[in-house]
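This briefing covers the sheet, the helices packed on it and the confidence of the model.

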Amino acid sequence: MTQGPTVLIWNRILLGIDNTIKSLSAVNFVAAVLGGSSNCQIKIVSVHQPPSRDNFPDQGSRTKEDLRRREEMTEVLSQARDLLKDAGIPGDNISYELIESSGVSVGESLIEYQKRYGFGTVVVGRRGLSKAEEFLYGSVSAQVVHQARDCAVWVVS
């Protein structure tokens with residue numbers, strides 16, 4: 001027996017952030033649009049990518065940097081949750097998670113997560129990369145927009 005498609009619900013919102021100003025803009029936008037609403041479930045996520053081995057002289061220093069990055073992002077996720085709570089969204093409706101990269105790009109990781117858990121809306125910030133930077137480094141928001149199916153995507157600039 002085949003399983004049917006996951007039912008996506010618009011008010012199940014996946015908010016993808018990192019530790020940039022543009023991510024804070026996305027959090028503030030969601031707070032402004034949905035503030036005071038108890039009719040939404042918001043999952044704030046950040047995709048953790050371990051630091052490259054090439055940038056560290058030994059495994060110990062790489063592990064230390066990895067732990068520092070995890071702690072920093074967990075704090076950013078907690079602050080984002082607090083901003084949404086301060087906007088009047090019930091704390092029980094907001095959760096956060098630092099997800100591990102599955103070896104694909106951040107944008108692809110967000111879309112995989114969205115599909116797996118049935119979020120109907122994905123929100124990301126737009127960094128404002130130039131076309132050359134976007135070509136070289138990729139753009140999370142562009143990846144999300146191009147790969148998203150059967151959901152709304154909010155790109156906050």
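Axes are lines fitted to C-alpha atoms, for helices over the stretch in contact, and angles run from 0 to 180 degrees between N-to-C directions. Helices (H or I, at least four residues) and strands (E, at least two) are DSSP runs numbered from the N terminus. The model is predicted: local features need pLDDT of at least 70, side-chain atom pairs count only at pLDDT 80 or more, and totals for chains, interfaces and linings use all residues. Residues are numbered from 1 along each chain as its sequence is written, and side-chain values use heavy atoms, without hydrogens and water.

**Helix pair**
- Helix α3 and helix α5 (residues 140–147) pack at about 40 degrees, with axes 8 Å apart.
- That angle makes α3 oblique to α5 (under 35 degrees is roughly parallel, over 145 roughly antiparallel, 65 to 115 roughly perpendicular, the rest oblique).
- Contact (heavy atoms within 4.5 Å) involves V106, G107, E108, L110 and I111 of α3 and V140, Q143, V144 and Q147 of α5.

**Sheet**
- Five strands form an open, parallel sheet in the order β3-β2-β1-β4-β5; two strands pair if DSSP finds at least two bridges between them.
- The edge strands, β3 (94–100) and β5 (152–156), each pair on one side only.
- Seven bridges join β2 (residues 41–48) to β3, and I42 stands opposite I94 in β3.
- Helix α3 (residues 106–117) packs on the sheet, touching β1, β2, β3 and β4.

**Confidence**
- The protein chain averages a pLDDT (the predictor's confidence in each residue, from 0 to 100) of 88.
- Over residues 132–137 the pLDDT is below 50.
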